[in-house]
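Here is a short tour of a two-chain model, written to be read with the structure open beside you. Take your time and turn the view as you go.

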Amino acid sequence: MPKIIVEIMPKQDLLDPQGKAVANSLHREGKKEITAVRIGKRIELHFDREITDQDLEMARDQAANFLSNDVIEDVVAVTKED
Amino acid sequence: MKIGVITYPGTLDDRDAQRAIRLAGGTPVPLWHDDDDLKKVDAVVLPGGFSYGDYLRCGAIAAKAPATKEVIRLAAKGLPVLGICNGFQVLVESHLLPGGLIRNEKQHFICRDQKLRVENNETAWTSLFEKDQEILIPLKNGEGGYIATDDTLKMLEQENRIAFRYVETNPNGSMNDIAGITNERGNVVGLMPHPEHAVEAGFGPDTPTAMRSGIDGLLFFESVLKMVVNS
């Protein structure tokens with residue numbers, strides 16, 4: 001099934017409480033070599049047909065204006081997956 | 001004088017907001033998220049709660065609802081709009097107000113009676129307050145940390161667009177102690193604390209005079225009613 005994958009991460013300089021809690025847990029397990037954990041989102045847009053360049057364009061637009069909020073997040077990637 | 005209150009799936013405080021409007025002397029009009037007919041109301045309240053389960057981001061999906069789109073259109077023409085808590089989150093996601101709201105600094109959900117200072121008493125919703133008046137209304141949120149870019153913060157400070165600031169305690173790590181802001185025109189105001197929960201003696205925050213006697217929230221609604229009557 002053709003799909004477009006949108007990946008979103010909290011901005012670098014923003015506190016990521018989820019990531020911090022997971023990092024603390026990993027440290028408790030002895031994984032001291034992991035210096036930090038940051039947690040973002042992967043969003044899949046499924047299509048019932050071949051994905052066109054316009055679809056990718058639309059997905060980039062939605063990623064920037066709806067799926068993410070540029071005050072707190074960055075869109076890291078918008079990619080096609082067959 | 002009709003003030004609309006929008007109910008989204010997951011809204012909690014719509015009934016309290018309607019009651020506050022009634023106690024202030026207005027007529028509350030229930031509005032539904034999926035209907036772009038705002039019933040010719042004179043002002044709109046976006047109440048607190050967890051619209052659409054806070055999916056994607058708090059307020060993000062509500063910002064795209066048919067009723068919200070109509071609010072955005074009419075706010076540009078001067079319709080008074082008050083966003084409380086989740087309603088404030090809807091206003092920033094709608095770009096009616098700048099900045100964003102993130103998880104509280106200490107990651108806890110905070111519920112307390114919160115002291116605020118009214119920094120701007122020239123908005124549609126704050127005109128009956130004295131400038132720098134300190135008020136006490138309940139605050140209850142998990143994602144109430146106000147953030148914005150340095151440029152936005154500077155602009156808000158310079159243009160006197162910070163409507164309310166937290167006093168004594170900053171409960172959620174909000175930048176510049178910001179509890180609420182207004183748009184340039186002063187018709188759109190958003191804040192995290194809940195004025196609609198401090199409108200009737202016996203049900204408000206404790207004050208030095210008597211338990212649960214705090215009604216500082218009532219002036220928000222009386223302010224907008226006075227403005228609508230005068231215009």
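Predicted model: local features only at pLDDT ≥ 70, side-chain atom pairs only at ≥ 80, totals over all residues.

In which sense do strand E6 (residues 110-118) of chain B and E7(B) pair, and over how many bridges? The two strands are antiparallel, and eight bridges join E6(B) to E7(B). One pair to look for is B:Cys111, whose bridge partner in E7(B) is B:Lys140.

For chain B the mean pLDDT is 96, and 100% of the residues reach 70 or more. For the complex, the predictor reports an ipTM of 0.86 and a pTM of 0.94.

**The two chains side by side**

Chain B contains five helices and 11 strands, while chain A comes to two helices and three strands. Reading chain A from the N terminus, the order of elements is β-α-β-α-β. Chain A is more spread out than a compact globule, because its radius of gyration of 16 Å is well over the 12 Å that the globule rule gives for 82 residues. For chain B, a compact globule of 231 residues would have a radius of gyration near 17 Å, and the value of 16 Å agrees with that.

The table sets out box dimensions, taken along the principal axes for the C-alpha atoms, and the share of buried residues.

| Chain | C-alpha box | Buried residues |
|---|---|---|
| Chain A | roughly 45 × 30 × 15 Å | 13% of 82 residues |
| Chain B | roughly 40 × 35 × 35 Å | 55% of 231 residues |

In chain A, taking contacts between residues at least 6 apart in sequence, 69% join residues at least 24 apart. In chain B, residues 24 or more positions apart account for 73% of the contacts with a separation of 6 or more.

**The sheet of chain B**

Now for the sheet itself. Nine strands of chain B form an open sheet with mixed pairing, in the order E2-E1-E3-E4-E11-E10-E9-E6-E7. Its edges are strand E2 (27-32) and strand E7 (134-141) of chain B, each of which pairs on one side only. From one strand to the next, the twist averages 25°.

On one side, three bridges link E4(B) in parallel to strand E3 (residues 43-46) of chain B, and B:Val44 stands opposite B:Val81. E4(B) is also joined by four bridges to strand E11 (residues 188-191) of chain B, again running parallel. Here B:Gly83 has B:Gly190 in E11(B) as its bridge partner. Together, E3(B), helix H2 (residues 66-75) of chain B and E4(B) make a right-handed β-α-β unit.

B:Phe220 sits in helix H5 (residues 218-230) of chain B. Why does B:Phe220 count as buried? There are 30 other C-beta atoms within 10 Å of it, and 20 or more are needed, so B:Phe220 is buried. Leaving out residues up to four places away in sequence, B:Phe220 touches B:Leu82, B:Trp125 and B:Pro195.

B:Leu97 belongs to the loop between helix H3 (86-93) and strand E5 (100-102) of chain B. B:Leu97 counts as buried because it has 25 C-beta neighbours inside 10 Å. Setting aside residues up to four places away in sequence, its contacts include B:Ile181, B:Asn183, B:Val188 and B:Gly190. B:Gly190 is also the bridge partner of B:Gly83. B:Leu97 and B:Glu184 are 87 residues apart in sequence, yet their C-alpha atoms are 9.1 Å apart in space.

Methods: Residues numbered from 1 in each chain as written. Chains lettered and ligands numbered in written order. Pairing = 2+ DSSP bridges. Right-handed = clockwise from strand over helix to strand, strands pointing away. Rg over C-alpha atoms; globule rule 2.2 N^0.38 Å. Buried ≥ 20, exposed ≤ 12 C-beta atoms within 10 Å, placed from the backbone. Contact = placed C-beta atoms within 7 Å. Axes fitted to C-alpha atoms, helices over the stretch in contact; angles between N-to-C directions. pLDDT = per-residue confidence, 0-100.
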